[in-house]
Amino acid sequence: MEGQLCANLEISVEKPPGASPPSFIALLKVYRELLVSRIRNTQCLIDNLIKNDYFSTEDAEIVIQFPTQADKVRKILDLVQSKGEEVSEYFIHVLQTVTDAYYELQPWLDEIGYKPSENICSKPVVNTDPVSRYCQKLRYELGRDSKFVMSYAQREEMLLEEIYSDSIMELVSFTNESLGKVCQLEALFDDAVGLINEDGETIYVFGDAGIGKSILLQKIQSLWARKQLEIGAKFFFRFRCRMFSCFKEDEAICLKDLLFKYNCYPDQDPAEVFHHILQFPHTVLFTFDGFDEIYSNFDLSSVPEMCSPNEPIHPLVLLVSLLRGKLLKGSKKILTARTGTEIQRNIIRKKVLLRGFSSNNLKEYTATFFKDEGQRTLVLNQLEANPNLCSLCSVPLFCWIIFKCYEHFHSMFDSHELPDCSVTLTDVFLLMIEVHLNRSLKTSLLKNNTRSQAEMFKSRKETLLALGKMAYKGMENSFFIFEQEEVSSVNISEGDLQLGFLRTVKGYSGCDNQCTYEFLHLTLQSFFTAFFLVIEEKVGAKELLQFFNECSSTETAQPTCLRIPWLKKQLAGKDPFRNKEHFHFTNLFLCGLLSRSKQKLFRHLVLPAVIKRKRKTLITYLGESMKSHLKGVTRSRLPNYNQVQVQPNFVWMLRCLYETQSEKVGKLAAKRMHANYIKLTYCNAYSADCGAISFVVHHFQKRLALDLDNNNINDYGVKQLLPCFSKLAVIRLSVNQVTDHGVKILYEELSKYQIVTFLGLYNNQITDVGAKYVAKLIEECSSLEYVKIGANKITSEGGKCLAQAIQKSKTMFEIGMWGNQVGDEGAKAFAEALRNHPTLTNVSLAFNGITTEGGKSIAEAMQHNNSVKIFWLTKNELDDEAAMSFAEMLKVNKKLVHLWLIQNQITAKGVKYLSEALKENTAIKEFEREPDKPRGGQSF
């Protein structure tokens with residue numbers, strides 16, 4: 001619009017040499033309707049016109065009497081034009097200077113090339129627009145709040161820029177299938193990638209505890225505050241969802257108070273700012289952190305689905321209405337929750353899965369954390385030597401704790417190394433507690449004494465018991481925020497608060513006049529809960545195991561909880577927000593603290609007889625629980641295998657078993673599985689879980705199959721599986737972030753034992769380097785029959801190596817290469833491998849960039865092959881000439897049963913060749929070619 005008007009405008013703003021001054025009056029006349037439609041604030045214009053004596057108070061009163069904003073703008077334009085060129089130019093100067101208030105007009109101002117005259121430049125302009133002033137204040141306060149990350153020592157703050165590091169963010173479908181990686185945070189808001197529901201408004205970010213959800217939101221907040229996040233958001237409101245649990249059942253507030261009171265309050269005219277937000281909701285960005293941490297007895301079914309933005313109502317109703325889009329429809333929203341908190345599809349626009357650090361991310365984070373190159377090299381070498389520790393470090397929170405502990409002890413003592421044995425999560429948290437307590441001692445004393453973890457814990461037993469008691473009380477009711485009264489009731493002193501286990505949080509509800517507290521992280525509250533269960537002598541068997549029962553029971557502890565229609569269907573009375581991960585972590589730490597290796601520590605804190613009794617209770621329960629759990633799993637009878645399909649809860653059970661570090665428990669678990677094919681697909685298993693898997697699996701006496709497809713194993717997880725490889729005949733690691741380094745480990749280990757028959761590596765990050773290791777394994781391991789390595793980054797170089805290895809193999813039955821890029825050179829190599837191959841039966845070279853040349857080579861080679869029964873060549877670039885070659889092949893080859901050629905470039909002419917050939921070939925049972933539609937089937 002502006003461009004057309006500029007083209008028709010005879011008056012140029014830029015004055016050529018010798019030309020008469022431009023007419024700003026004419027300019028305002030030509031662009032009148034544009035200005036009327038895009039000027040949202042009139043008060044700033046009026047204030048500046050009055051300040052420079054261009055308007056009188058009577059002029060302002062005339063403007064104010066008009067009912068609509070558009071009419072007010074029209075009247076201002078009339079008055080400005082009537083007062084002459086200088087006033088008209090000053091009017092444009094205000095629009096240009098007060099950028100925040102008139103940002104929609106900035107492209108127009110650039111287009112007309114307006115430059116103020118010397119006279120006008122001398123006139124002051126003051127931004128009195130309450131909306132833009134509020135935006136400035138909001139950016140300042142959010143920038144200040146997001147600049148630092150509070151350390152676990154509380155007294156210590158770290159710059160976000162010095163501690164934040166990228167991790168793996170993956171866009172996923174509703175069924176959690178990968179849609180690609182998020183490389184830039186702006187991509188979260190870009191509908192060109194990862195959009196799964198255009199009617200939804202919420203970007204749903206999920207992942208396990210400690211994986212980096214909160215710090216990701218802090219990073220987004222920081223970028224917005226510095227105007228480095230270009231997504232069209234003028235307003236940013238952030239909420240921690242656990243705050244909604246603090247509101248009493250009868251409390252009611254309006255939307256305006258929810259936004260301003262718990263974020264940042266406007267200094268001027270809150271009503272106008274709120275009205276602007278209601279008018280332009282698309283300029284608002286919300287972040288809601290920790291949706292699974294809402295626990296409330298408020299019944300949403302008792303209130304109407306629609307609610308007014310102006311009427312007070314319970315804050316939870318406002319939250320739900322915002323997420324539904326019933327309030328501020330069109331606003332942008334990011335919602336985070338722990339894995340397992342599923343929300344119905346209609347509110348979700350995108351799903352983003354946080355997977356933690358990749359090996360490269362970990363190296364980058366190590367470089368960020370340890371500035372000294374020598375220290376950094378030492379840490380990386382120690383991590384490389386300890387895959388167990390590396391796996392724990394793939395979770396950002398645990399990595400941070402490990403690095404801070406290392407840094408602390410390294411500064412206190414002449415030398416300190418990371419542990420070189422099996423490290424459990426309990427070990428890491430005990431070390432963190434020790435660091436907290438060490439910080440309370442004087443440095444000089446610490447330097448002169450040999451540190452003793454047991455003595456340190458004994459000296460602060462009452463403090464640890466008090467913190468544990470409060471953590472336990474909160475965990476019983478899934479409460480994560482504690483009022484001052486609750487802190488005082490368990491005798492936590494001011495000195496105890498300074499240790500840094502707790503941090504103050506902004507007061508909510510009726511708690512505004514006193515401090516409220518939370519544990520630094522949810523996992524820390526779980527740890528202290530477990531610690532209390534161990535050292536409190538009065539805790540009996542029922543209390544000791546109560547959180548195991550929470551995780552296994554189909555009932556919930558709370559009688560009435562939020563019932564929200566748009567959440568996934570729940571059993572009657574169940575809490576839709578309920579996520580049991582905090583209970584799982586409590587159970588995990590309980591197993592670790594009651595392990596035999598911790599008895600030396602706890603004999604200083606509680607009677608040995610008490611520990612023995614509790615340990616016996618726990619071990620007995622674990623044995624019975626494993627037996628009960630395995631009775632309910634899905635079992636299948638396969639050729640040579642008895643398969644058991646386990647659920648994600650089983651991974652938590654393995655984690656608990658691993659924390660006990662009891663070989664007796666591990667052997668018992670292996671014995672009770674009664675299966676030799678363990679299927680752990682889609683169980684959200686991380687690299688650290690491979691240590692727990694190995695802990696049980698290495699006790700199997702016979703060969704077995706292990707299916708870990710569609711998890712988050714990565715190279716560190718592969719390394720943790722080392723104790724298992726002597727038993728594994730089938731290993732499936734598809735969709736697991738495995739790189740060439742992980743493939744190298746597989747080659748080195750599997751080639752030792754010569755028993756593997758099936759290797760699944762589909763959809764990882766394997767290049768030609770990794771393909772060469774797989775090729776060497778095919779050559780050296782005569783037992784290997786099946787290789788699935790599709791959807792990686794293998795080109796013609798890697799393809800040729802694999803083909804040459806297959807050509808030498810006398811046992812290969814199936815090769816799956818779907819979705820690589822071997823091209824014609826790779827196709828020719830595979831053609832040579834196919835020629836007269838004795839055993840190869842199933843081949844997929846689909847979606848590999850193969851053109852006519854490569855296709856003709858394959859077709860010619862297949863005339864000399866009697867073993868291949870199924871061949872996929874879908875999604876290549878084969879044309880009619882290639883089709884003619886395949887037609888000739890079909891006249892000769894009477895062993896091929898299934899041939900797939902769909903989604904190529906074969907026209908009706910090519911189809912005719914193939915159809916004629918089929919008249920002479922009765923062996924083909926399934927033949928897919930253009931222009932027929934595909935009937936389904938599996939691509940490898």
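Reader: How far apart are the end C-alpha atoms of helix H12 (residues 213-225), and what span should its 13 residues have?
Author: This is a predicted model. At 1.5 Å a residue, the 13 residues of H12 should span 18 Å. That agrees with the distance between its end C-alpha atoms, which is 19 Å.

Reader: Is H12 largely enclosed or largely open, and how many of its 13 residues are buried?
Author: Buried means under 20% relative accessible area. The buried residues of H12 include Leu-216, Leu-217, Ile-220, Leu-223 and Trp-224. Lys-213 and Lys-219 are also among them. H12 is largely enclosed by the rest of the structure, because the number of buried residues is eleven.

Reader: Which residue just after H12 takes a positive phi?
Author: Most residues other than glycine have a negative phi. Just after H12, a phi of about 60 degrees belongs to Lys-227.

Reader: How are helix H32 (residues 648-660) and helix H34 (residues 689-697) oriented: roughly parallel or roughly perpendicular?
Author: The axes of H32 and H34 are 8 Å apart. The two helices pack at an angle of about 75 degrees. Angles from 65 to 115 degrees count as roughly perpendicular. H32 and H34 are therefore roughly perpendicular.

Reader: How do the residues of the contact of H32 with H34 divide into nonpolar, polar and charged?
Author: H32 brings Val-651, Leu-654, Arg-655, Leu-657 and Tyr-658 to the contact. H34 meets them with Asp-689, Gly-691, Ala-692, Ile-693, Phe-695 and Val-696. The division is eight nonpolar, one polar and two charged.

Reader: Are helix H41 and helix H42 roughly parallel or roughly perpendicular to each other?
Author: H41 (residues 880-892) and H42 (residues 908-918) have axes 8 Å apart. Their angle is about 0 degrees. Angles under 35 degrees count as roughly parallel. H41 and H42 are therefore roughly parallel.

Reader: How do the residues of the contact of H41 with H42 divide?
Author: Among the H41 residues in the contact are Ala-883, Met-884, Phe-886 and Leu-890. On the H42 side they include Lys-909, Gly-910, Tyr-913 and Leu-914. The division is nine nonpolar, one polar and three charged.

Reader: Which strands stand at the edges of the open sheet?
Author: Twelve strands form the sheet, running in order from S13 to S24 with mixed pairing. An edge strand has a single partner strand, so one of its sides is left without a neighbour in the sheet. The edge strands are S13 (634-638) and S24 (926-928).

Reader: Is Lys-808 buried or exposed?
Author: Lys-808 lies in helix H38 (residues 796-808). Its C-alpha is 8.0 Å from that of Ala-833, which is 25 residues away in sequence. Exposed means over 50% relative accessible area. At 55%, Lys-808 counts as exposed.

Reader: What is the phi of Asp-269?
Author: Asp-269 lies in the loop between helix H13 (255-261) and helix H14 (270-279). Asp-269 is partly exposed, with a relative accessible area of 37%. Its phi is positive, near 45 degrees.

Reader: What is the phi of Asn-763?
Author: Asn-763 sits in the loop between strand S18 (758-760) and helix H37 (768-780). Asn-763 is partly exposed, at 31% relative accessible area. Its phi is positive, near 55 degrees.

Reader: What percentage of the residues of the chain count as buried?
Author: The chain has 42 helices and 24 strands. It runs to 940 residues. The buried share is 58%.

How values were computed: Residues numbered from 1 in each chain as written. Predicted model: local features only at pLDDT ≥ 70, side-chain atom pairs only at ≥ 80, totals over all residues. Heavy atoms only, no water. Helix = DSSP H or I, 4+ residues; strand = E, 2+ residues; numbered from the N terminus. Expected span 1.5 Å × (residues − 1). Buried < 20%, exposed > 50% of the residue type's maximum accessible area, 1.4 Å probe, protein only. Axes fitted to C-alpha atoms, helices over the stretch in contact; angles between N-to-C directions. Parallel < 35°, antiparallel > 145°, perpendicular 65-115°, else oblique. Contact = heavy atoms within 4.5 Å. Nonpolar A, V, L, I, M, F, W, Y, C, P; charged D, E, K, R; others polar. Pairing = 2+ DSSP bridges.
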